[in-house]
Amino acid sequence: MEAAYEFSLLNARDMPEVHQVFVEAFADYIIPIQLTTAQFQSKLKRESIEPSFCVGAYAGTKLVGFILTGLGEFDGKPTAYNAGTGVLPEYRGHQLTRRMYEFLLPKLRESGTEQCLLEVIQENKPAIRSYEQVGFKVTRSLDCFRALKDELLLPREAPDNVTIIPTIKPDWRQNNCFCDVVPTWQNSGTAIKHSPDTKLYLEARDEHQELVGFAAFFPEIGSVAQLAVSKEARNRGVGNMLLQEIAQHTTAQALLFINIDTNAISFKEFLKRKHFSRFLGQYEMILTL
């Protein structure tokens, strides 16, 4: 017999309480995550979290678990993104992840959502099993990379017919054409635009003012959401120039590339040549509704 819990959809007024439970639930995570109030608010906006589609699990009146749900499109389909599942340590082992999804899925289907999406750390076997019980399947593997700025291996030579310029209105349609793989939810153009954090966009243009490369990054935290070069302009130093500009404009000590598709072989080789090291692997998982 399953332990007695109550489940409820949340609202914006519940988010401060969710933040407190988030901090407690992720304090003992494989990679501990401790978000300040401002960082949590930024997460809500960047990941398009809709409070009325978030679920809370209650033991009496105490919030003991949650699913944060972002709504939008992914790969052309209406999608519900799991921006975080948390359960307080003393309430684990009661199948709360599965039970929260059982509560949430009817509302998602009614809303026209076609799929649920999430990422999970590859070593987190209990979480993977919980999601598989719900019906999620692994769709791709993702790698995360990090490098200290002062250890980057960047050649001094640069193509003299390419110019790096900042922009405030990126051409997302063309930028997407430069990418070999679909960016993950947090690295999509929509997520970058929605984020309230300071972000910068760079364009690489050739002598004809044609766009040949692009980067979007968050200089205060060192996270590079997108960096891509047109297929015709690769292996000419354009990526080096963009990375060098990113490093110069970033106040953080290190640069991060989070959730890079493992199938992006040439891009991962580029990062390794620049002295980036892989520090984490995740699975992307999708549940078709």
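How many cavities of 30 Å³ or more does the count come to?

Analyst: Happy to. This is a predicted model, in which local features need pLDDT of at least 70 and side-chain atom pairs count only at pLDDT 80 or more, while totals for chains, interfaces and linings use all residues. Residues are numbered from 1 along each chain as its sequence is written, and side-chain values use heavy atoms, with hydrogens and water left out.

The count comes to two cavities of 30 Å³ or more. A cavity is a set of points on a 1 Å grid over the protein atoms alone where a 1.4 Å probe fits but cannot get out, and lining residues have an atom within 4 Å of a point. A volume is the space filled by probe spheres set on the points, which are joined across faces, edges and corners.

The largest cavity holds about 40 Å³ of space. Its lining consists of Ile67, Leu68, Thr69, Ala80, Tyr81, Asn82, Tyr101, Leu104, Leu108 and Cys116. By class, eight lining residues are nonpolar (Ala, Val, Leu, Ile, Met, Phe, Trp, Tyr, Cys, Pro), two are polar (Gly and the others) and none is charged (Asp, Glu, Lys, Arg).

Tyr81 is touched by Glu47, as are Gly70, Ala83, Trp185 and Gln186, not counting residues up to four places away in sequence; contact means heavy atoms within 4.5 Å. Glu47 sits in the loop between α2 and β2 (55-59) and counts as buried at 8% relative accessibility, where buried means under 20% relative accessible area with a 1.4 Å probe and protein chains only. Strands β3 and β4, together with α2 (37-46), are also among what covers the buried residues of α1. Those buried residues of helix α1 (residues 15-25) are Met15, Val18, His19, Val21, Phe22, Val23 and Ala25.

Tyr101 takes us to the contact of α3 with α4. It joins Thr97, Arg98 and Leu105 of α3 in meeting Ser130, Tyr131, Gln133 and Val134 of α4. These contact residues divide into four nonpolar, three polar and one charged.

The second largest cavity has a volume of about 30 Å³. Around it are Leu154, Pro155, Glu157, Ala158, Gly237, Asn240, Met241 and Gln244, a lining of four nonpolar, three polar and one charged residue.

A pocket is an open set of points with protein on both sides within 12 Å along at least five of seven lines. The second largest pocket contains about 620 Å³ of space. It has 33 lining residues, with Leu227, Ala228, Val229, Phe267 and Phe270 nearest its centre. At least two residues each come from β10 (223-229), α7 (238-249), β11 (254-261) and α8 (265-273), and β10 gives the largest share, six residues. The lining has 17 nonpolar, nine polar and seven charged residues.

Phe267, one of the residues nearest the centre of that pocket, belongs to helix α8. It is buried, with a relative accessible area of 17%. Leaving aside residues up to four places away in sequence, Phe267 touches Leu227, Phe257 and Ile260.

How values were computed
Helix = DSSP H or I, 4+ residues; strand = E, 2+ residues; numbered from the N terminus. Buried < 20%, exposed > 50% of the residue type's maximum accessible area, 1.4 Å probe, protein only.
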